[in-house]
Amino acid sequence: MRVPLLDLSEQYRTLAEPIRQRIDKVLSSQRFILGPEVEAFEQAICRFTGAPYAIGVSSGTDALLVILMAMGIGPGDAVITTAYSFFATAGCVARVGATPLFVDIDPATCNLSPAALERYIEKHCQTDAEGTLIDSTGRKIRAIIPVHLFGLCCEMDPIHVISERHGLEVIEDAAQAIGAEYHTTHMGIRTAGTMGEAGCFSFYPSKNLGAAGDAGMIVCRDEEFAKRLRIFRQHGMEPRYHHYFIGGNFRLDEIQAAILDVKLPYLASWSAARRAAADFYREEFTRTGLANRIALPAEPYRERGVTNHHIYHQYVIRTPQRDALRAHLTKREIGTEIYYPIGLHLQKCFAHLGYKEGDLPETERATGETLALPIYPEISREAQRYVVDAIAEFFG
Ligand SMILES: *Cc1c(COP(=O)(O)O)cnc(C)c1O
């Protein structure tokens, strides 16, 4: 049996007709840039996430970039984030001329650890005469980017306590977590991306809500900031041919927005189906006694009564025998992936930042142990049993 890591062909089959009709509508209208489809989809995202404002952009990466640009973060500034993420998280910080500062992860969830964040600030930062938090080299720390990895929100309450204490912006990288919920103490249940000053989503085709190409979205809660984001999305231009800022072309196009708008009504049920598949993996791993040999994904918010506590963008297990297990599963024609094999702090392009092996021990341990198993809404229980049996066979 062949079990791919991700298979969206069935999903496309059921939506092919309505998607084609909506694409046809755009083609007939001959309106391709910033028209009614983008506006409708932005409003649909506001309703889905509970965010007051949404701004469609060209990708998840560009969503992060535009947020940083609109916040005026640049040379001399620093942004604290995790090294256990997709490259874009830190890449965008560097692209605006600021410095990414990495703190370690919580080994149970692989998300940024609030305790490590607190320790980092205590040990390496101080407050200057104006009350600004600065690092040991005098850079102004402007923001924190928590990444809701694999579809699970970070522990946002303690992150907020820290950001408020030091006057830092919170930019949520929710590229993998659209719709995932977290129970905040002050705002009740909130969805990923709507707990900080701004949040970003990616509609890369393999994300839970995928476009037919590149697409992304920014959400925020301040009207003035939303206006600024819209201006930066289009060359810092307002009105036409008057440029107050240096922005860029970061627009979401009409065809992608139309396709995403057709798919969005199904997203909640798709994520619920992923969660049901994750429950089945857990049952099977428990039944076969494997739950003691491999670490299954943590579900810290389930006990707190959160329904959409995890959207399982990825189902990631951990074992020190990861590479051998992966080779075994490949032989059994089971698709797997390693998210991520190298911490961002050890990437060659960040060598000038001066990080070395051992600086982020939990991140480095995770890069050697995590393995993503096949998961998608339509995965069959038979396929999942085959995956679990193959893992059982490996551990003998
Ligand atoms: C996918 C992803 C991005 C970037 O999104 P693109 O749409 O591919 O540009 C950023 N951060 C994380 C954590 C992601 O998974």
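This is a predicted model: local features need pLDDT of at least 70, side-chain atom pairs count only at pLDDT 80 or more; totals for chains, interfaces and linings use all residues.
H3 covers residues 60–70 and H7 covers residues 223–233, and their axes come within 9 Å and cross at roughly 115°. Axes here are lines fitted to C-alpha atoms, for helices over the stretch in contact, and angles run from 0 to 180 degrees between N-to-C directions. Helices (H or I, at least four residues) and strands (E, at least two) are DSSP runs, numbered from the N terminus. On the H3 side, the contact (heavy atoms within 4.5 Å) is made by Val-66, Ile-67, Met-69 and Ala-70, and H7 brings in Phe-225, Arg-228, Leu-229, Phe-232 and Arg-233. Sorted by class, that makes 7 nonpolar, no polar and 2 charged residues. For these classes, Ala, Val, Leu, Ile, Met, Phe, Trp, Tyr, Cys and Pro count as nonpolar, Asp, Glu, Lys and Arg as charged, and the others, Gly among them, as polar.

Next come H5 (residues 114–124) and H6 (residues 156–166), which pack at an angle of about 25° with their axes 9 Å apart. H5 and H6 are therefore roughly parallel to each other; that term goes with angles under 35 degrees, whereas over 145 is roughly antiparallel, 65 to 115 roughly perpendicular and the rest oblique. H5 passes H6 in a left-handed crossing. Pro-114, Leu-117, Glu-118 and Ile-121 of H5 meet Pro-158, Ile-159, Ile-162, Arg-165 and His-166 of H6, giving 6 nonpolar, 1 polar and 2 charged residues.

H9 (residues 322–331) and H11 (residues 381–395) have axes that come within 10 Å and cross at roughly 125°, so the two helices are oblique to each other. The crossing of H9 past H11 is right-handed.

All 5 of the 5 residues of S10 (residues 198–202) are buried, meaning under 20% relative accessible area, with exposed over 50% and partly exposed in between (1.4 Å probe, protein chains only). In a regular strand the side chains alternate between the two faces of the sheet. In S10, Ala-198, Cys-200 and Ser-202 point one way, and Gly-199 and Phe-201 point the other way.

S10 has two partners, S7 and S11; strands pair if DSSP finds at least two bridges between them. With S11 (residues 216–220), S10 runs antiparallel through 5 bridges, and Gly-199 stands opposite Val-219. S7 is largely enclosed by the rest of the structure, because 4 of its 5 residues are buried. S7 also runs parallel to S6 (residues 140–145), joined by 2 bridges, with Ile-144 opposite Val-170.

Finally, Ser-271 sits in H8 (residues 254–287). Ser-271 is buried, with a relative accessible area of 2%, and touches Asn-208 and Ile-311, not counting residues up to four places away in sequence.

How values were computed. Residues are numbered from 1 along each chain as its sequence is written. Side-chain values use heavy atoms; hydrogens and water are left out. A crossing is left-handed if the near helix is turned anticlockwise from the far one by less than a right angle, and right-handed if clockwise.
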